[in-house]
Each structure stands twice: as structure tokens, then as C-alpha cells.
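Me: I'd like to learn how to read a structure like this one, feature by feature. Can you walk me through it?

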Amino acid sequence: MQSTQCRGTLHSRNYFYVGQSYALSNSSSIAQGQIYVEHLTPASVTQKFPLLLIHGYGMTGAHWLTSSHDVNIGWADWLLGKGFEIYIIDEPSRGRSTHQVTIDGPVHTVGTVTMQQRFTAPAQYNLWPSAKLHTQWPGSGMAGDDFFDQFYASMMPSLSNPVELSEKTRDSGAKLLDVIGRPVILMTHSQGTQFGWLLADACPSLVKAIVNLDPGGPPFFESAIFSLPSYSSSSEGQQTQSFTPARPYGLTEIPTTYSPPISSPSELTQRVVDDSSPYFIDVQQAEPARKMINLVNIPELVVTAEASYHSMYDHCTVEYLRQAGVPVEHVKLEEVGIKGNGHMMFLEKNALEIMERVIGPWIERVILDPV
């Protein structure tokens, strides 16, 4: 294994694949279902628990390695400098995790306009109340700008079917946890947070804590940012709004373990807490709420960026976790004086401030168990 100097942190690097099986293909067979895993080990390991980093939709593990503007070090290097081993994956059928066109489902690529609207230049479009506060993306955030072009060139097609992606990530990710063989701290972003919950549910003894960045949500229904709401007249002649169902198991597309147990998502009785917003609907479990029993001993942190569309509804996800018995802290970055961030906070100009002031101290406080 070769030792390298990466932006100031001496470490060794290797990679491997896990989770593959063989499937018939013509008169032979091909590997499918595998995920690429990059393993980074600092020259001096001082932390007991490694980190497993899981990226969001359309992205790959490469996005943890540096900042978008190539000025500051990335979060992976910061963590290496603190003595953490790191495992970084590319989700199934994404990036260096092969997509087998004869076996895997169709994929979808996000276009430049969507990227600009949601991630890199939301202030230009003003599609949600806090979008105008976005200031931390380097450059204009528009196609043709060097920073945007580098970021967009890194985006990858993603499996279109969320159930298929969830099942494949859970299965391969659980095998990775077995390979690592000791508890990890999960750090997940956006779509990847759903997979963190699935892995913790499948292997609770191998997950020490979870950091969720702008987590997938809200429970049970898509936000209007992803699926524009439809309007119909109520019996009183007023306009009412309907949202597209999603995540039938509350926070996930596929089953997690509840207590009392369920055999169908219909057994998660829903109650509407808040339907006053045109951007989201807050739906929780009806009381008495079932508990996500395999997650109740795993501390979690939810980090929400000020100018992200998640600023509207991450509290719904936090409320769902708490109601389900999960110990979770919620940090809204603007409330601790970190302003102007969007959904890609770990790539933005002040990314290191977020790590140094919020995430790093939380991890240190939660684990309190160095080698």
C-alpha cells in the first residue's frame, strides 16, 4: 500500500470492492451489485472508530476529498488530520461502482438548470424563502463558471428506482461493515442519509453514531421542490394542495425495524402536524408512535444549512426521529453564526468552519473514546 501526502496529511490509501455476486450473462457470468470502497489511513491513527462516508444523489465519494474551489482542504483530509481512518464508497451503479445495463435498472442524470436552482445558485432563482441567503458557493454557480463546470463534470447518472438503490446499498453496505469489523461513525449527505439509517438498522452493533447533512425527507411525502404540488378545489371552494407520497416507511423507501413490528407501511398510522406551507407537509406517526428500535441507542446529529431548501423541513425529519425514540441533535448553521450555506455545504467556501465548529466537536463529545 502506497503512502502519499495529500494536502498536508500523510496517509496510506487503498481500495477494494465488496458486495458483488455473479449473474449469468450469455454463456458466461458478470459481477453485479458491488460497491467501490476507498480506504484512507492516516500515518498515526489516534481514533478508535473509523468513519464511513456516504454521498448524496448524483454524486460519488470523490466529493468528500476536496472543496469545490480547491483552496481549502476537504473534509476527508481534515478527518485524517484528526487521526480517523476513513472509508468512502461510491453507491451501487454510480461512479466506480459498475452499472450493469443488462441487470440494473435505468439511470437518471440531473441537468445543469436543476443543479443551479437547487445547489450552486439558488439565490438567482429564489424558489424557497431562504434561497436568497446563499453566499458560500465559490463563483457564480452558473454553467460556464470554472467552479460550476468542475462540479457539474463530476456528477454521475444515478439509479432511477429508489427502492432498487436502497436495497443494493443496504446489502453491499452491510457487507462492508462486516469487512471493517468494528463500529463506525456514519457521515451521510442528502439521499445518502436514508442509507445510513438502513445500515444502522441492519447492523446496529457496528454503527457508533451518525452525522446527517441535510437529510433525506420530509417523512412520507416529497417536498414541492422535487415534485411541484397540484391544486384542487375543496368543498368550501378553497384551494388545497396535495404532495407526492414518498418514503412509505417514514424516512426510508424500504422496511426498517419498528417496535411494535409492522408487516406493511400502512401500519404506520399517519397524522398531519402542519399542512400550511406550499413547500412541504409535516406528517408524523400517530401516537403511540412505533420506535425505530435498532436506532434508539445510536446518537445522531442533523446539520441543516441556512440557504438550503432543507431549511424549510429538516425539523420534520428530526421530529420523526425523536418520536421514534432516536437520540438526535439538530444544528441549524445560522443559529450558531454560520451563514450563507446551501445544500452542498461541505464543498463551499466555509466548509472547514462547519467541520471545526459543529461536526468535529460533536463527534468528539459523542465518542469520548480514543485509542
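Predicted model: local features only at pLDDT ≥ 70, side-chain atom pairs only at ≥ 80, totals over all residues.

Me: What is the phi of serine 190 near, and is the residue buried or exposed?

Reply: Buried means under 20% relative accessible area, exposed over 50%, and partly exposed in between (1.4 Å probe, protein chains only). Serine 190 has 11% relative accessibility, so it counts as buried. Its phi is near 55°, a positive value in a residue other than glycine. Serine 93 also has a positive phi, near 60°. It is in the loop between S7 and strand S8 (107-108), and at 7% relative accessibility it counts as buried.

Me: Which backbone nitrogens lie by the side chain of aspartate 90?

Reply: A polar contact is a pair of N or O atoms within 3.5 Å; within protein, one must be able to donate a hydrogen and the other to accept it, and residues adjacent in sequence count only if both atoms are side-chain atoms. For aspartate 90, a polar side-chain atom lies 2.8 Å from the backbone nitrogen of glycine 61, and one lies 2.9 Å from that of arginine 96. Aspartate 90 belongs to strand S7 (residues 86-90) and, at 1% relative accessibility, counts as buried.

Me: And what does the side chain of glutamine 47 reach?

Reply: The backbone oxygen of lysine 82, at 3.2 Å. Glutamine 47 is in the loop between strand S5 (35-42) and strand S6 (51-54), and its relative accessible area of 17% makes it buried.

Me: How do I describe helix packing?

Reply: Two packed helices are described by the angle between their axes and the distance between the axes. Axes are lines fitted to C-alpha atoms, for helices over the stretch in contact, and angles run from 0 to 180 degrees between N-to-C directions. Here the axes of helix H5 (residues 162-180) and helix H6 (residues 191-202) come within 9 Å and cross at roughly 55°. Angles under 35 degrees count as roughly parallel, over 145 as roughly antiparallel, 65 to 115 as roughly perpendicular and the rest as oblique, so H5 and H6 are oblique to each other. Contact means heavy atoms within 4.5 Å; among the residues making it are Leu165, Ala174 and Leu177 of H5 and Phe195 and Leu198 of H6.

Me: Which residues have the most contacts inside the largest nonpolar core?

Reply: A nonpolar core is a set of buried Ala, Val, Leu, Ile, Met, Phe, Trp, Tyr and Cys residues joined through side-chain atoms within 4.5 Å. In the largest, with 53 residues, those are Trp75, Met187, Leu213, Ile359 and Ile363. Helix H8 (residues 351-367) gives the most to this core, with nine residues. Another core, of 46 residues, lies apart from it, with Tyr249 and Met292 among its members.

Me: Where are the cis peptide bonds?

Reply: One joins serine 259 and proline 260, with omega about -5°. Another joins glutamate 287 and proline 288, with omega about -5°.

Notes: Residues numbered from 1 in each chain as written. Heavy atoms only, no water. Helix = DSSP H or I, 4+ residues; strand = E, 2+ residues; numbered from the N terminus.
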